[in-house]
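These notes are meant for someone opening the model for the first time. Please keep the structure in view while going through the points.

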Amino acid sequence: MKIKLTLGSLGIIALIIVFVISASVVAIIDSRVTNKLDGVLWTIPAKVYSRSLDLAEGSKVNKSNLMKELGMLSYSENRSPSKPGEFTYSKDNLRIFLRGYEDQKSGLFEVSFKDGTVTKITNQLGISVDIVRFEPIAIGGMYPSHMEDRILLSWSQVPSILIDTILSVEDQNFFNHKGISFRSISRAFFTNVKAGDIEQGGSTITQQLAKNLFFTSEQTIKRKVMEAIAALLIEFHYSKEEILLAYINDVFLAQSGKRAVHGFGMGAQHFFGTSVTNLETDQIALLVGMLKGPSLYNPRRNPNNATKRRNLVLGILQKGRHINSSSLEEYKSRPLKVVSPSFRSETKYPAFHDLVRLELRENYQDPELRTQGLKIQTNLDPVLQESLENSIKKTKAQLIKKYGKELTELEGAALAVDIASGEIKAVVGSSDPSKFGFNRSINAIRPIGSLVKPFIYLTALNKYDEYNLTTILDDSKLSIKSGGEVWEPNNFDKKFHGKIPLHVALWQSYNIASARLGIELGYDSVQETFNKLGIRKSIERYPSLFIGSFEMSPFDAIQSYQTIAADGFYSPLRSIRDIKDLNGNIDLSYPYKIEQRLRPEPVHLLKFAMKQTFISGTARGYPKKNIESWQAGGKTGTSDDQRDSWFVGFAGELLVLVWLGFDDNRPTPLTGRSGALEVWKNFINDVQPSSVEKNSFPRVKYIWTDKKDGLVSGQKCKNSVLVPFIIGTEPNTIPSVRNKCASKPKRSKSDVMQKLKKVFEEGQG
Amino acid sequence: MNNLRLVVFFLVLSILFSCASNQNNEYITSDSISVSEFSSSVELLVSNTNFLEDEILKINAKNPSVQRILVNSDVYLREGKLIQANSELERALRITKKEGAIYLRLAHLRHIQGLLAESKSFASRALLIKDISSWERLLLNVYLKRPI
């Protein structure tokens, strides 16, 4: 059968083909429109925040740290604060207009301090308030590959002035057209000709949304047609409010490093450090004005352009009677006052971000983190973090100056944690802390040197029937056959020190006495202590273990010292506080966990010896007043050939560990004292921890003993030191040479009780 | 005769000081009290969780700001919102670590959550605080004596 192709039939076939192709194109665009508007646009990356600062009556506050935090939160000084984000500080009095966060309402508050402690908080009516909460600082996010960052706004969160401004500038006829408006195009044309500038665009908001969502910015007829079809389809599927809200959440406002800032919610945060509901009309005018050219009118890069554009938008608002003439002049006179961006890439603090990721991995899949808008509140203290980063950088520069350029490649890691709760406050994983890559705080596994010694001494002190702080150890020459070789440890000063009390051996960090003690205690006992301190790794049974061949990461090392600093109470270190969903409900919390692993008294004795490290030992040099008020203690560590320099120390409520060394493991000129301790000191001197009260140990008594023989001495005797003992284990022998100056230990209430108990038990027997 | 006086004196003192007696390798801090032998009201505290909870929630913090947070936490606890109650307690602990009232509630909360070892550890930790009252001490000891 032959089909005769006439011109008419060819025309019909062509029409059918055109119709099918058009229908397919429309169907494809329709599918993309609904998919994107229903799905992808509303996928929000998880955001990571620092801890939020609470101030309450009794809170201990370091003024300098508070000022730094206000600076990081972009609060600005104003003698009479009248707007959110302003404050003034004078004579121990902070007047601050809080921006509001969660249950903390925005408003003016007055906080009074005395001796670094909050004494009173009142609101603007002068009524006493118990607690005020500052907003946390955004420190990073878990972004999809396109790195779009936005804070999703609901219709109720959009201020009416923002809607008025957008419609006045971008699409005055929005509620009357069906996606395309020839009236808008012609009106924009005449307005722009009259103004001699481009005041209005011809595209409707729906067209702009279509363009932003699906198309590139190329100016071709094909794209314009596709964009028009998409605009019509959007209008067909969605209400005007839904379209406007999608536009408000989607518009591109800025590029910040790798991050693309989308939507007015994120724009408000990025440029003004606050939520969109706190924005004033001039700030909204600036953001809306930027839509025309986010780069050209970027207020940070091009403040003059941005100011002109803002003022133009304000003029449009006045013409539309949304603001009056006097407000117009007032808004125009205001400076732009944009804040610094809190972070430009995935995170501001890469090492801390790694820890957050590791913790999240146990409970969340990657897609959940990248799409569900989770809000991760961490334990990071931004002031401590900045200080720790600066301390590493500053110390490295000082060391290069002192030892020469051979230290140019020196690397480092450091962590600061809250002793009691295990909250991780700050982490540095590189000597260039903002650099992404190898995170030494968790991945550098290095010999810990003398940092191992407190674990050995704790093993001994835990056997309090056999050992106390004045038990005499032997620091004379030691030779042991180990693995077919003779092992002869040496002290750092290359000397032997003979018979010395246990506590002196620790704070002087004598290797030989420590090795002998470890051998005496046995590997099993030492392994048991390691386990109690949270070390899961098995020890290798070589005597060099006892003087520092054991390898750990800085993270694992500080975890084991947390248990010591917390008097035997182990708390797993945690970087995250809680995770909230988009509605603000807690999705998952990471609560404070605690487990008593050791009796507090032996740990208290160990901490006494670690305090001596600061008073007379390898970390000496601090004023005694500070050591006492911080209840400070610490330990230096240096590995073989000075390849690793360590220091760990507690001061106030903080435990801080520092490691310095080369990645290729070559020797450094540094010891624990000359390297890592310097970082620790720079950090602690900067943050000035608050003082802490001593804990109560009724089963411990202090006795004057001699630093050399460990026997009873007196305050007036030479070389005497007040040493703690678990009651019943204290020495009571006064050598004849000290008969005159020594004081016989007083009996405590508990002594009397012990004696009475003994008499009673004997009587019963 | 002297020995008899001594025995009487010891009995009086032992009631006053209620010294710790548990030596069976558990980590008990310095001031644990032999609660089971103390009095019937103490026995009630040990055996009746609701009675114990009532007593715990009567303990106020000395710091008024902390007290307000504890009130919030108590409301959450009564409503069975244990995560929120815990968040409030941790918030209080960040202001001060010297209040026995916070640790008591944490010990109680963990007990309700079935985390008995942790409950004991919180109680034990609180006994290291200086200047906690005898009543707080006794209540803390209840958690130390509860079987895991």
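1. Buried means under 20% relative accessible area, exposed over 50%, and partly exposed in between, with a 1.4 Å probe and protein chains only. Helices (H or I, at least four residues) and strands (E, at least two) are DSSP runs, numbered from the N terminus. In α18(A), the residues that count as buried are A:Asn511, A:Ile512, A:Ala513, A:Ser514, A:Ala515, A:Arg516, A:Leu517, A:Gly518 and A:Leu521.

2. This is a predicted model, in which local features need pLDDT of at least 70, side-chain atom pairs count only at pLDDT 80 or more, and totals for chains, interfaces and linings use all residues. Residues are numbered from 1 along each chain as its sequence is written, chains are lettered from A and ligands numbered from 1 in the order in which they are written, and side-chain values use heavy atoms, with hydrogens and water left out.

3. Helix α18 of chain A covers residues 511-521; 9 of its 11 residues are buried, so the helix is largely enclosed by the rest of the structure. Which elements cover those buried residues? They include α16 (453-462), β17 (472-475), β19 (485-487), β20 (498-501), α17 (502-507) and α19 (523-532) of chain A. After α18(A) comes A:Gly522, with a positive phi near 90°.

4. Helix α23 of chain A (residues 676-687) can be checked for length. A:Gln688 follows α23(A) and has a positive phi, near 45°.

5. Chain A also has an open sheet of 5 strands, in the order β15-β14-β28-β27-β26 with antiparallel pairing. Two strands pair if DSSP finds at least two bridges between them.

6. A:Asp418 is placed opposite A:Leu654 in β28(A).

7. Helix α20 of chain A (residues 554-565) lies across β14, β15, β26, β27 (644-651) and β28 of chain A, at about 150° to β28(A). Helix α21 of chain A (residues 600-615) packs on the sheet too, touching β26 and β27 of chain A, and its direction makes about 70° with that of β26(A). Axes here are lines fitted to C-alpha atoms, for helices over the stretch in contact (heavy atoms within 4.5 Å). Angles run from 0 to 180 degrees between N-to-C directions.

8. Strand β9 of chain A (residues 138-142) has 5 of its 5 residues buried, so it is largely enclosed by the rest of the structure. Strand β1 of chain A (residues 46-49) runs antiparallel to β9(A), with 4 bridges joining them. A:Tyr49 stands opposite A:Ala138 in β9(A).

9. Chain B has 8 helices and 0 strands. Of its 148 residues, 52% count as buried. Its mean pLDDT (the predictor's confidence in each residue, from 0 to 100) is 80, and 71% of its residues reach 70 or more. Over residues 15-28 of chain B the pLDDT is below 50, yet this stretch has 29 contacts in the model beyond near neighbours in sequence.
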